Amino acid sequence: MKTFEELCEIARRTLKPRRLSRSSSAGEVAAALLTDGGNVYTGVCIDTPCSMGFCAEHAAAAAMVTAGENRIVRLVAVFSNGTPGAPCGRCREFLCQLHDENRRCEVLLDGGRIVTLGDLLPHNWN
C-alpha cells in the first residue's frame, strides 16, 4: 500500500498550474487517491467562471470510477506550494457518496495530521 509520503510526491508531480484561456486555469491543486485495489488516481482542479469548474478530488475520483473502482482508502490533495490540505465540503460529500465505506478514507492534512473523511464530515445527511 502506498504511503502518504508517496501519495504526496505523486500529487506534487501532478501539479502543473497553467492558464487554459483568458478566464480559466488548471492545476493549482492536485489530488492523489489510493483505492482498496492498490491503484492510484490523480487529478487537478479546473477553475472556470460561473462555477463550472471542479476540484482536483473530483477529477481523480472520475478517473477512478472510469477505471471501474470506487472504494478510496487514502487521499492527498496538495496546493501549488506542495502543502497538503483538506478537501472542500463538496468533495467530502461527493467522495463519501461513491462508496459506503469511503467515510473511513484516511486524509492527510497540513502538519502531518491524518483524519478520516468521516471526521471531516461528521454528520451524515442520510
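The chain exposes about 6,800 Å², and carbon and sulfur atoms supply 51% of this area; accessible areas come from the Shrake-Rupley method with a 1.4 Å probe, and for residues only the protein chains shown count as cover. The model is predicted, so local features need pLDDT of at least 70 and side-chain atom pairs count only at pLDDT 80 or more, while totals for chains, interfaces and linings use all residues. Residues are numbered from 1 along each chain as its sequence is written, and side-chain values use heavy atoms, with hydrogens and water left out.

The chain contains four helices and six strands, arranged along the sequence as α-β-β-β-α-β-α-β-β-α. Its radius of gyration is 14 Å, close to the 14 Å that the globule rule gives for 126 residues, so the chain is as compact as a globular protein of that length. The radius is taken over C-alpha atoms, and the rule is 2.2 Å times the number of residues to the power 0.38. Helices (H or I, at least four residues) and strands (E, at least two) are DSSP runs, numbered from the N terminus. The C-alpha trace spans about 40 × 30 × 30 Å along its principal axes. Of the 126 residues, 44% count as buried (under 20% relative accessible area; exposed is over 50%, partly exposed in between, with a 1.4 Å probe and protein chains only). Among contacts (heavy atoms within 4.5 Å) between residues at least 6 apart in sequence, 55% join residues at least 24 apart.

In helix H1 (residues 4–14), the buried residues are Phe4, Leu7, Cys8, Ile10, Ala11 and Thr14. Seen down the axis of H1, they fall within an arc of 165° and so line one face of the helix; the arc is that of the directions from the helix axis to the C-beta atoms. Glu5 and Arg13 are exposed on the face turned away from the buried side of H1. The buried residues of H1 pack against strands E2 (25–35), E3 (40–47), E4, E5 (106–108) and E6 (114–116).

Helix H2 buries Ala56, Glu57, His58, Ala59, Ala60, Ala61 and Met64. The cover of these residues includes E2, E3, E4 and H3. Just after H2, Gly68 takes a positive phi of about 100°. In the loop between E3 and H2, Cys50 has a positive phi near 65° although it is a residue other than glycine. Ser51, found in the loop between E3 and H2, also has a positive phi, of about 60°, and is not a glycine. Both residues are exposed, Cys50 with a relative accessible area of 69% and Ser51 at 74%.

In helix H3 (residues 89–98), Cys91, Arg92, Leu95 and Cys96 are buried. They cover an arc of only 130° around the axis, which puts them on the same side of H3. Arg90 and Gln97 are exposed on the other side of H3. Cover for the buried residues of H3 includes helix H2 (56–66), strand E4 (72–79) and helix H4 (117–120).

Leu120 is located in helix H4 and is buried, with a relative accessible area of 18%. Leaving aside neighbours within four places in sequence, Leu120 is in contact with Ala86, Pro87, Arg92, Val107 and Val115. Leu120 and Cys96 are 24 residues apart in sequence and 11 Å apart in space, C-alpha to C-alpha.
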